[in-house]
Amino acid sequence: MEWGHRVLGRLIGLGFVVPLVYFASRRMLPRSLARNLSLYALLIGFQGALGWYMVKSGLEDSLLETPGAVPRVSQYRLAAHLGTAFVLYAGMFSTGISILTDWRWAKKGVWSGLKDTGSGAVWKSVLENPAVRRFARYSKVLTGLVFLTALSGAFVAGLDAGLLYNEFPLMGGRLAPPSDELFSPLYAKKPDGSDIWWRNIFENPTTVQFDHRCLAITTYFSTAALYAATLRPTLRAALPPLARRMALSAFAMANLQVLLGISTLIYLVPISLAAMHQAGSVMLLTTMMHLLVSLRRPGAAAKIWRQTQMNARKARSS
């Protein structure tokens, strides 16, 4: 698994950097796009270095001397590695989808499922609607919450916190473990115990699992609220069709992700379910990124191309 992961990471780097150098050297990319893609290329390199930094934390000499010892990487480095991967994926996905939507609008006059017969009257009227603007702000906050929830899952994995309290929604027959277990003084390293709060949040498996549960539940109900908002007649009439579909997709994916999370917990974290649960977090983030792109104004190049086409049609008609 480790070897395959390394090889796949190198293939991703080559598959991204080589075409980027080719298209950029032939000046086939807009300057802003070339800059963004170059940043992603640097981020791929940083991700590889961060991956080795993470692996290094589990390669201790004591492992060779202790019978039955299992290598364990730092949960902090694991979370950083996963978080960087999510940022990289979200950037690549949103860039690709934005290019496709810009092309569709520039060539066919279709924006987020709406037909635009002019040079932008449709998307301008939609995005200037106060209800749509509030919906877009809420969607951005929810996307950040999805990312934070996924990041907390890395701490759960790094500390094997999923092997504790294998029941839901209770933890040991109650909604929350005892406070002295959530904030145990055993995890404090300073003599005055001033680091008891943050060390328990990031190093206590019980607290880590409880935090992940709270974030997951908050994310689920927030996604449900987002979808419920699209059912209101005024907002439903104002939102473009693609945005409504993505809100529904996000809610559907949140339901599936909750089921995968509970199943992973109850069945003592089998690799298959754990992998599906992690993939579910990627899919939920994907739907939220697609929702944000559906409420994005066309890029400058698409506007110029669209305006040029409109001028050419007017010239032919006259």
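**A chain of salt bridges**

Analyst: Let us start with one pair. R199 and E203 join their side chains in a salt bridge, with N to O at 2.8 Å. This is a predicted model, where local features need pLDDT of at least 70, side-chain atom pairs count only at pLDDT 80 or more, and totals for chains, interfaces and linings use all residues. Residues are numbered from 1 along each chain as its sequence is written, and side-chain values use heavy atoms, with hydrogens and water left out.

User: Why is the contact of R199 and E203 called a salt bridge?

Analyst: The term asks for a side-chain nitrogen of Lys or Arg within 4 Å of a carboxyl oxygen of Asp or Glu. R199 and E203 have N to O at 2.8 Å, so the pair meets the cut-off. Side chains of opposite charge can pair when their charged atoms come close.

User: Where do R199 and E203 lie?

Analyst: Both are in helix α8 (residues 196-203), four residues apart, which is about one turn of the helix. A helix here is a DSSP run of H or I with at least four residues, a strand is a run of E with at least two, and both are numbered from the N terminus. An α-helix has 3.6 residues a turn, so residues three or four places apart point the same way.

User: How do you know whether R199 and E203 are buried or exposed?

Analyst: Compare relative accessible areas: buried means under 20%, exposed means over 50%, and partly exposed is in between (1.4 Å probe, protein chains only). R199 has 14%, so R199 is buried. E203 has 13%, so E203 is buried.

User: What links D195, R199 and E203?

Analyst: A network of salt bridges links them. D195 and R199 meet at 2.7 Å, N to O. Both D195 and R199 are buried.

User: How many salt bridges does the structure hold?

Analyst: It holds five. One of them joins the side chains of R6 and E2, with N to O at 3.0 Å. R6 and E2 are four residues apart in helix α1 (residues 2-25), so about one helical turn separates them.

User: What makes R6 and E2 partly exposed?

Analyst: Their values fall between the two cut-offs. R6 has 35% relative accessibility, so R6 is partly exposed. E2 has 40%, so E2 is partly exposed too.

**Helices side by side**

User: How do you know that the span of helix α4 agrees with its number of residues?

Analyst: The expected span is 1.5 Å times one less than the number of residues. Helix α4 (residues 75-108) has 34 residues and should span 50 Å. Its end C-alpha atoms are 48 Å apart, which agrees. After α4 comes G109, with a positive phi near 70 degrees.

User: Why is α6 called roughly antiparallel to α12?

Analyst: The axes of helix α6 (residues 130-158) and helix α12 (residues 271-294) come within 10 Å and cross at roughly 160 degrees. Axes are lines fitted to C-alpha atoms, for helices over the stretch in contact, and angles run from 0 to 180 degrees between N-to-C directions. Angles under 35 degrees count as roughly parallel, over 145 as roughly antiparallel, 65 to 115 as roughly perpendicular and the rest as oblique. The α6 and α12 pair therefore counts as roughly antiparallel.

User: How is α6 placed against α9?

Analyst: α6 and helix α9 (residues 205-229) pack at about 155 degrees, with axes 9 Å apart. That angle makes α6 roughly antiparallel to α9.

**Polar contacts and the whole chain**

User: What makes the link between N255 and Y220 a polar contact?

Analyst: A polar contact is a pair of N or O atoms within 3.5 Å; within protein, one must be able to donate a hydrogen and the other to accept it, and residues adjacent in sequence count only if both atoms are side-chain atoms. The side chains of N255 and Y220 are joined at 2.9 Å. Their C-alpha atoms, 35 residues apart along the chain, are separated by 7.4 Å. N255 lies in helix α11 (residues 241-266).

User: Which backbone atom does the side chain of S294 reach?

Analyst: It reaches the backbone oxygen of L291, at 2.5 Å. S294 is in helix α12. At 1% relative accessibility, S294 counts as buried.

User: What does the chain hold in helices and strands?

Analyst: The chain has 13 helices and two strands. Of its 318 residues, 39% count as buried.
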